[in-house]
Amino acid sequence: MQEMSMVLRDGRRLGYWGYGDETGTPIMLFHGTPGSRIWFLEDDKLTKAMGIYLISIDRPGYGLSTFQHNRTILDWAVDVEELASHLGLNRFSVLGVSGGGPFAAACAFALPDRIHQTALVSSATPFRKGKAPKGMAKENRIAFFLTKYFPWVIRKANLAQKKMLEKNPAKYKSSMLTATHRHLSKWDRELLKEEPLVETSYYHAKEAYRQGVEGVMYETQLLSKEWGFEISEIRSPLRIWHGEKDTLSPVSEIRKLAAHSSSTEITVIDEGGHFLTENEDLWADMLRYLKGSSNGVYVNA
């Protein structure tokens, strides 16, 4: 099992795991919502070949990381800085995927002297006045609505998901492979037919619910608010990858976000869905950028 952790100054435990070259360029990876540090079942050959040390971290309430009451998005930067110091890292890059995007942006904002490059991939965007974007899939908007106004309903659904992951993994994997996933793009539906991807997704999700459902419940509420800072206040280089057909985080919102920052570059993928990191060419481009040598393929802003 991929288990490493440290004890933070306030006594909480922070879980993480490293992939690739431990002596290479450090990149911290922030998972989606829900999610966990389990990003690969084995080491990532590309990361290792590129001389990158990819450090995937459990946020509070997920995996090995202690739940944190009343946390904000900006609080994450405090934990990340402690981990960086623990690992002996002075400067590093950050990569936030989906619900992890706001947390990567928070680090870029709060830790300008330590962040080298920042990448947001299929990132969530701020909910202005607490409202989900109109272009978001109905299923996602309903989940945010229920979490806010009828939390016991969404808690019951999450508990059922946790039970399936723990008691009937075959059913979980089968449901992922055979479901229609109508609310997702063609790009995403095709990916969810791949058994190796679903196998990794199973372990990623199971670890997300390791402690229970409070982590995802709290973070879903957290992501339905403003971030506590504006992207225009980020001074270090920031690049966004987003799918034109993303139904979970509509590209129209990410374009609005990027328009407010002169230091932000946006790469929009034609026909791309939400799961962009599963594309090998895109994954390589993201890593090159974060290391400092991106070739800019797939650009269509």
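The legends below describe close-up views of a predicted model.

The model is predicted, so local features need pLDDT of at least 70 and side-chain atom pairs count only at pLDDT 80 or more, whereas totals for chains, interfaces and linings use all residues. Residues are numbered from 1 along each chain as its sequence is written, and side-chain values use heavy atoms, with hydrogens and water left out.

**View A. Helix α4 against helix α5.** Helices (H or I, at least four residues) and strands (E, at least two) are DSSP runs, numbered from the N terminus. The axes of α4 (residues 138-149) and α5 cross at roughly 120° and come within 5 Å; axes are lines fitted to C-alpha atoms, for helices over the stretch in contact, and angles run from 0 to 180 degrees between N-to-C directions. This makes α4 oblique to α5 (under 35 degrees counts as roughly parallel, over 145 as roughly antiparallel, 65 to 115 as roughly perpendicular and the rest as oblique). Ala143, Leu146, Thr147, Lys148 and Tyr149 of α4 are in contact (heavy atoms within 4.5 Å) with Pro151, Trp152, Val153 and Ile154 of α5. By class, this contact has 7 nonpolar, 1 polar and 1 charged residues (Ala, Val, Leu, Ile, Met, Phe, Trp, Tyr, Cys and Pro count as nonpolar, Asp, Glu, Lys and Arg as charged, and the others, Gly among them, as polar).

**View B. Helix α5 against helix α6.** Helix α5 (residues 151-167) packs against α6 (residues 169-178) at about 115°, with the axes 5 Å apart. The two helices are therefore roughly perpendicular. From α5, Gln161, Met164, Leu165, Glu166 and Lys167 meet Pro169, Lys171, Tyr172 and Ser175 of α6. The contact has 4 nonpolar, 2 polar and 3 charged residues.

**View C. The buried residues of helix α10.** Val251, Glu253, Ile254, Leu257 and Ala258 of α10 (residues 251-259) are buried (under 20% relative accessible area; exposed is over 50%, partly exposed in between; 1.4 Å probe, protein chains only). They lie on the same side of α10, because they cover an arc of only 155° around its axis, taken from the directions from the helix axis to the C-beta atoms. These buried residues pack against β7 (238-243) and β8 (264-269).

**View D. Asn90 in its loop.** Asn90 lies between α2 (75-86) and β5 (92-97). It counts as exposed, at 56% relative accessibility. Between Asn90 and Gly292 the C-alpha to C-alpha distance is 16 Å, with 202 residues separating them in sequence.

**View E. Residues 294-301.** Over this stretch pLDDT (the predictor's confidence in each residue, from 0 to 100) stays under 50, and the model has 24 contacts for it beyond four places in sequence. For the protein, the mean pLDDT is 94, and 97% of residues reach 70 or more.
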